[in-house]
Amino acid sequence: MANPIVAIVGRPNVGKSTIFNRLAGERISIVEDIPGVTRDRIYATSEWLGRSFNIIDTGGIDIGDEPFLTQITEQAQIAIDEADVIVFVVSIKEGLTLADEKVAKILYRSDKPVILAVNKVDNPELRSEIYDFYALGFGEPVPVAGSHGIGTGDLLDCVVKEFPSETEEEQDDSIKFSFIGRPNVGKSSLVNSILGENRVIVSNVEGTTRDAIDTKFTTDDGTEYTMIDTAGIRKRGKVYENTEKYSVLRAMQAIDRSDVVVVVLNAEEGIREQDKHVAGYAHEAGRGIIIAVNKWDAIEKDGRSMQEFTQKIRQEFQYLSYAPIVYVSAKTGQRLNKLPELIEKVNANHAQRIPSAVLNEVVMDAIAYNPTPTDNGKRLRVYYATQVATKPPTFVIFVNDPELMHFSYERFLENRIREAFDFEGTPIHLIERRRK
Ligand code: GDP
Ligand code: GDP
């Protein structure tokens, strides 16, 4: 289930982010209309020879105001902690530098496979020079030219060879969920409280992510859950633990493996920019989402506090209008017994399949109520709708001309679908196709 993780390391300017973008290829989806999510990417999912994997550009993780050499060694350490395979990038232009050797020294300490990529080999004549890099001790260097896309296929071949072999995953029907959020919102406290409430813990299972430990438990009604733990929750005290990019990275790894993501906010501190980034990734990944406002015990409340906080959330997270909000306290256990139930419901909505006949009735009723838009005298015609996928529910609408589907009309249809069926907690996707 979990994808292997490939981390790219190397000193600045060797071409890490260029190579990252190449390896991520078309799969990098940049969603322009979500504030905060458009920034430079450091994490992506890709595929080569039929194997999916996640890539991290450690160069994008800046470690506060640390001096340059500390930064690159921290980044190399992150690669060791997080990755199954490390791609160590150097550059033929500058040749072997002290900083390269510094990075190499850190990598020696790990037993992770390291693939040495020599970048900026823009023409074949330069190839003979790559052998200088043998001195680093990582075996045969792979020549690439990130900015031209040369050699990246060979590099990926080498990377994929090092992946742990695919083991048959045993059938696991448990509901996978995770708590994500910036540091200190109370994620690990929530993990512990939930486990305290649900004492039938089936097992702790090793995740593939370094030192992540997933916990399975069963509630009284017999529903099985797997709580996806991110290493960041249990392991503390690293310098980089509190840097935003790093916690976003942790969050993304958890999101990838979850059916339902609980975005945790801190009632005491209100909504911060970083909360939006984390929530934006969960939305973009198409997972079921619940917003949990934690530390609800710690604030002074009057009769309107909850309503006001809800209003703020709706304003700041407009794209998450489908997500239910719960007010909880890891400290007192307030409403935590309700959380598994809600997770189960959101999971069911996320996996829901609507029969075409019922769906079309709803869509045609909507059109009768609010006629389709026209453009230059040409009217949008909707012929047929059908659900093509779950998790998240995805609908294809066959039309005469997709260009005629305005954003506002699409939203109207989405709202109608949401009114007719229970899709609380899940994004739904509508795709227009031209009917041949
Ligand atoms: P990073 O700091 O390691 O992430 O490096 P970047 O990806 O930002 O690249 C640093 C510089 O090297 C940029 O100006 C790139 O355009 C350039 N660069 C990247 N790949 C190549 C390459 O294959 N050939 C050449 N000539 N330049 C490259
Ligand atoms: P994480 O970094 O998101 O995992 O946050 P922690 O679980 O480590 O919690 C950060 C701090 O908030 C700790 O001092 C917790 O004791 C405190 N905390 C967590 N949940 C609650 C809560 O519901 N109420 C109060 N008052 N404090 C909490």
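This is a predicted model: local features need pLDDT of at least 70, side-chain atom pairs count only at pLDDT 80 or more; totals for chains, interfaces and linings use all residues.
Local features rest on pLDDT of at least 70 and side-chain atom pairs on pLDDT 80 or more, while totals for chains, interfaces and linings use all residues. Residues are numbered from 1 along each chain as its sequence is written, and chains are lettered from A and ligands numbered from 1 in the order in which they are written.

The protein chain is divided into domain 1 (5-161), domain 2 (175-349) and domain 3 (356-434), with bounds from an automatic or database domain assignment. Helices (H or I, at least four residues) and strands (E, at least two) are DSSP runs numbered from the N terminus.

Turning to ligand 2, 16 residues surround it, each with its backbone-placed C-beta atom within 6 Å. The closest are Gly 186, Lys 187, Ser 188, Ser 189 and Lys 331. Helix H5 (residues 187-197) supplies the largest share of this shell, three residues.

Finally, strands S16, S17 and S18 form, in that order, an open sheet with mixed pairing, where paired strands share at least two DSSP bridges. Strands S16 (382-389) and S18 (429-434) are at the edges with a single partner strand each, so one side of each has no neighbour in the sheet. Strand S17 (residues 394-399) runs parallel to S18, joined by six bridges; Phe 395 has Leu 430 in S18 as its bridge partner.
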